[in-house]
Every structure is written in C-alpha cells, then in structure tokens.
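This report concerns the disulfides of one protein. Please consult the sequence and structure shown below while reading.

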Amino acid sequence: MLRSVFLTLAGLSGINLVGCTTPPAPMKVATAPLSAEARTEALFERISDDPVLLRVFLRDMPKGGDLHNHASGTPYAEEYLDWAARRDFCIDEAEEAIVEPPCDGADQVSANGLMRSDPDLYSELVDALSVRDLISGVQSEQSGHKQFFSSFGKFFPIVREEPARTLASVKRLAADDRVSYVELMFNPGPIDSYFSQVVDPEWDENDLEAAFQRLAPEIEPLIQQSLAERRAVEDDANGLLGCEDDQPDAGCDVTVYYNTYGLRRFPNEQLFRQLALGFALIEADPKSVGISLVEPEDDPRSIENYDLHMRMIAFLSEKYPTAKVTLHAGELTLGLAPSSALRTHIRDAIMIAGSQRIGHGIDIAWEHQSRDTLDRMANEKIAVEINLVSNDVILGVRGAQHPLNLYLSSDVPVVLSTDDQGVLRTDMTEQYVRAALEHGLDYAALKQVARNSLEYAFVPGDSIWSEGEVGVISDACNSLSSAACDALAAESPKADLQRQLERDFTAFENDIAEWDIR
C-alpha cells in the first residue's frame with residue numbers, strides 16, 4: 001500500500017525514486033558566439049532611430065562606389081573661391097559670380113583675400129554658389145530647383161580652368177567618406193570647346209547617319225587631344241594629392257572612371273556632335289566607360305526633344321557598342337513638368353536608348369506601364385541611382401513620397417549616390433543616414449547597396465559574385481585569399497575593388513561591433 005502511494009506520487013511529480021537517486025541536471029547546450037557581422041547588425045538595430053549615432057556608425061562604414069557624381073558640382077563653394085583667389089580671378093558683386101580677370105567692371109573686385117577683406121560678400125558668394133541658404137533654413141526667394149541649377153554658371157569660369165584640382169577634390173572627398181570608387185561625369189575640354197562652337201547647316205534629325213558622316217573626319221584628332229588632356233589632368237591631380245610622396249593623400253587610393261555626357265538644352269545638331277564625340281572617346285579610352293545626359297529634364301527643350309535624344313543615343317550605341325549608357329530619367333515631379341512628360345521617360349530611356357542604369361527615376365509611379373518597367377529593371381538588373389538629398393532639395397521629394405522602397409520591393413538593384421556633393425552641401429554618409437531614417441533600410445540592406453555600387457558600376461572585369469546574385473560568392477572566390485581569387489582580382493578591376501570592399505567590411509565589423517553604446 002505504502003509502495004503504491006510512493007509510485008503514484010512519483011508518477012504525478014516526475015520524481016525518480018528508484019534507488020533514491022537525485023534527478024540529473026538538465027544538459028547545457030553550447031551556443032556559438034555571434035559573428036562580428038551579426039553583432040554589427042544588432043548594434044545598428046539599437047541605434048537605427050538616432051540620427052547622430054547613425055552618423056557615427058555610417059561615417060566609418062565602407063560604401064563602395066559613387067556612380068552618379070558630377071565633376072563640376074562636387075567641390076565646395078569655398079574651394080572654388082580659393083582657386084579663384086589663386087588665379088587672381090574676379091568677383092562680380094551684382095551677379096554674385098566668379099568671373100575671369102581683369103577686374104575692371106563697375107561691380108567687380110578681386111577674389112584674392114576676399115575672405116578677410118569682405119567676409120560678408122564672401123559668405124554671400126558661398127550661398128550663391130550652393131544651396132547653403134536653403135538647407136540651413138534661411139528664407140529664400142528661390143526654389144531649390146532654381147537655386148541649384150543657377151549656381152553652376154556662377155562658378156563654371158574657374159572650374160573650367162581647374163580640372164586637376166576638381167579631380168583631386170573628388171578623390172579627397174570620396175576617401176574621407178569611405179568611398180573607394182567614383183564614376184565621374186566629366187568631359188575633356190577639346191570635346192566641349194568643339195561642339196559648342198560648331199554648327200551643322202545640313203542638320204536633319206531624320207538622317208543621323210548623314211550627320212555622323214559629316215562629323216567623322218574630325219573625330220580622331222579631337223579624341224587624341226581629349227585622351228592627352230585626361231591623362232594630363234590625372235597626372236596633375238595625383239601631383240596635388242602627393243601620390244608619389246612618402247605620405248600620400250588617402251584620395252590616391254580612390255579609383256576613378258569616367259562617364260561622358262551631353263547637354264540636353266543645346267541645339268540638337270550640337271548635342272549630337274557632343275554625344276558622338278563622347279561615344280568615340282569611350283571606344284578609345286579604357287578609363288571612359290559610359291555616356292549620360294545632363295541639365296534639367298523638365299526644361300521645355302529637354303521635354304520637346306526627349307524622343308530625339310533617345311534615338312541619338314540608340315544610333316550611336318550601334319556605332320560604338322562597347323559604350324555603356326546611364327541616363328538621367330524621371331527626374332521630374334507633377335507640377336514641375338506637365339503631366340504628359342511623366343509618362344514614358346524612364347521606359348524610353350531603357351527601351352529606346354538601352355540605358356543600363358537609371359539616374360534618379362523619381363517619376364516611376366506616374367509612368368504608364370510602370371509595373372512592366374519595374375519588372376524589366378529587376379529581370380535585366382538595370383540599377384537605379386538614388387540621390388536622396390538631391391531629390392529633396394531640387395524636387396522637394398523626400399520620405400514616403402520617394403520611390404526608393406518601391407524599387408526595393410520590386411527587386412530593382414538600388415545604389416545610393418551624391419549627385420553634386422559640394423553644391424548640395426552633402427556627402428555619401430548623409431545618403432545612407434537618410435536611407436535608414438526615412439526609408440527603414442537596415443544594416444544588411446545598406447551593405448547590399450554598397451555591394452551593388454560596385455557590381456553595377458561600369459568598371460570593367462568579371463565579378464566576385466555568382467551571376468545575378470550579389471552577395472553570393474562565386475566559385476573563383478570562395479576564399480578571398482585563394483589563388484583563384486588572386487588571379488581574378490589581378491585581371492579584373494571590378495573584382496579587385498569588390499574583394500577590397502569585403503575586406504574593408506570585415507575590418508569595419510570587427511571594430512564597430514565593439515562600440516560600447518549603452
């Protein structure tokens with residue numbers, strides 16, 4: 001009887017009474033420590049709603065490439081004014097602009113020593129050469145759109161004279177912001193000097209072949225001059241950075257390739273010649289890789305001639321098939337341009353001109369057949385270059401109104417870029433901070449954006465990633481230090497940059513994961 005009670009109690013309680021032994025302690029399952037990447041993701045999640053902590057975190061994060069970067073808009077206004085002083089250029093007080101010497105106009109003064117002799121005028125010039133007033137909250141009579149585009153003419157006289165200082169500035173700013181590759185929109189002087197002064201009285205937009213044949217005899221000498229200038233500019237920029245010195249500037253390690261461009265608002269016969277020379281330069285110069293169109297897409301001339309411009313690029317792409325195409329398309333909002341202009345620009349850039357990347361792409365939700373366009377971009381890996389600060393300042397598009405998350409949810413490859421860093425008073429880190437704060441991108445998504453920036457760059461060579469799977473390592477580089485990966489990196493500039501980015505991520509994550517933020 002007593003034994004049966006004990007057995008009953010043992011069964012109810014789960015206590016083992018056989019031999020009066022103590023039950024065994026539960027087994028402890030060993031857990032592997034979190035990787036540096038996982039700890040970095042956890043840290044990012046903790047600080048993801050704090051703009052200041054995000055800035056500290058993302059400031060040090062490797063960011064890969066900047067694929068949408070205009071050379072003339074990258075240096076800051078203070079640099080332009082410094083260069084103007086060095087060359088004894090002048091300031092036109094009435095126009096608030098830098099002008100060439102002599103300073104003999106009624107409203108002209110020397111730029112030399114201006115910061116000390118007239119600090120108020122100096123400050124006004126910084127505002128005129130950038131959007132500083134707008135972003136600092138000062139009341140302005142001009143829209144961001146007007147202020148931005150009107151600033152270029154005010155500093156262009158000095159930028160035209162300082163291509164090497166401009167390139168050195170681009171590389172310094174990139175290195176300072178953990179950007180290792182820049183695809184720079186840049187035209188050599190011989191091309192721009194030629195196309196803007198020559199007219200074609202026989203121009204017929206329906207006979208591009210005849211227009212090309214009239215230009216053909218002049219192409220080769222202009223391309224040779226352009227090649228010589230590009231090499232000289234790079235040599236001079238490297239000299240300014242001290243790339244051969246014992247302690248070179250960090251900018252020396254930044255890789256730069258070039259996208260030539262055409263100016264939308266020029267007469268069509270002149271734009272055609274500028275584009276043709278750009279395509280020919282790409283064919284001849286291994287450092288020139290792509291072609292673009294610049295100037296306001298909402299300008300009535302840009303809208304009126306958009307279809308013709310796409311046909312020009314399609315025609316020249318057949319002549320020069322090695323050239324890549326990346327077009328500013330859809331940098332429009334309803335109201336800024338008539339609704340009819342927001343219907344097909346992105347689609348036409350892809351379908352007619354064969355654009356392999358899209359710059360801005362803001363009006364995608366207004367386009368006809370936008371879902372088909374998004375599907376095509378996703379399937380064909382046509383990346384979109386997102387410029388968050390630029391779109392905010394120039395177009396007033398920010399936060400939920402921006403299509404960044406539409407592109408991401410449609411599996412379109414996304415890259416972040418600066419557009420015109422100096423004029424906009426921004427940097428690449430700010431693009432990443434905004435992507436996190438305004439659009440909810442986590443660390444893994446931002447890391448993918450950085451990887452995308454090199455995968456979809458026009459820099460030549462094979463990738464370290466499996467085809468179509470950025471982030472999935474190829475057999476050749478299953479170990480970044482393998483002989484096969486060494487061989488790939490040696491022959492492929494793209495793979496070399498990608499491998500270095502992965503090594504930079506490893507170093508960054510090992511360091512930032514130890515950041516003691518309570």
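Are Cys477 and Cys485 buried or exposed? Both cysteines are buried in this model, which is a predicted one. The two residues form a disulfide, with their sulfur atoms 2.0 Å apart. The torsion about this S-S bond is 90 degrees, and the link of Cys477 and Cys485 is right-handed.

The protein has three disulfides by the distance rule applied here. Counted along the chain, the bonded cysteines follow the pattern 1-2, 3-4, 5-6. The pairs are listed in the table.

| Disulfide | S to S distance | Torsion about S-S | Handedness |
|---|---|---|---|
| Cys90 and Cys103 | 2.0 Å | about -90 degrees | left-handed |
| Cys243 and Cys252 | 2.0 Å | -95 degrees | left-handed |
| Cys477 and Cys485 | 2.0 Å | 90 degrees | right-handed |

A disulfide joins Cys90 to Cys103. Cys90 belongs to strand 2 (residues 90-92), while Cys103 is found in the loop between strand 3 (97-99) and strand 4 (108-110); the pair therefore ties together parts that are 13 residues apart in sequence. The torsion about the S-S bond of Cys90 and Cys103 is about -90 degrees, so this disulfide is left-handed.

The two ends of this link can also be described by their accessibility. Cys90 has a relative accessible area of 0% and is therefore buried. Cys103, at 31% relative accessibility, counts as partly exposed.

Cys243 and Cys252 form a further disulfide, and a value of -95 degrees about the S-S bond accompanies its left-handed form. Cys252 has 21% relative accessibility and so counts as partly exposed, since buried means under 20%.

Notes
Residues are numbered from 1 along each chain as its sequence is written. This is a predicted model: local features need pLDDT of at least 70, side-chain atom pairs count only at pLDDT 80 or more; totals for chains, interfaces and linings use all residues. Side-chain values use heavy atoms; hydrogens and water are left out. A disulfide is a pair of cysteine sulfur atoms within 2.5 Å. Helices (H or I, at least four residues) and strands (E, at least two) are DSSP runs, numbered from the N terminus. Buried means under 20% relative accessible area, exposed over 50%, partly exposed in between (1.4 Å probe, protein chains only).
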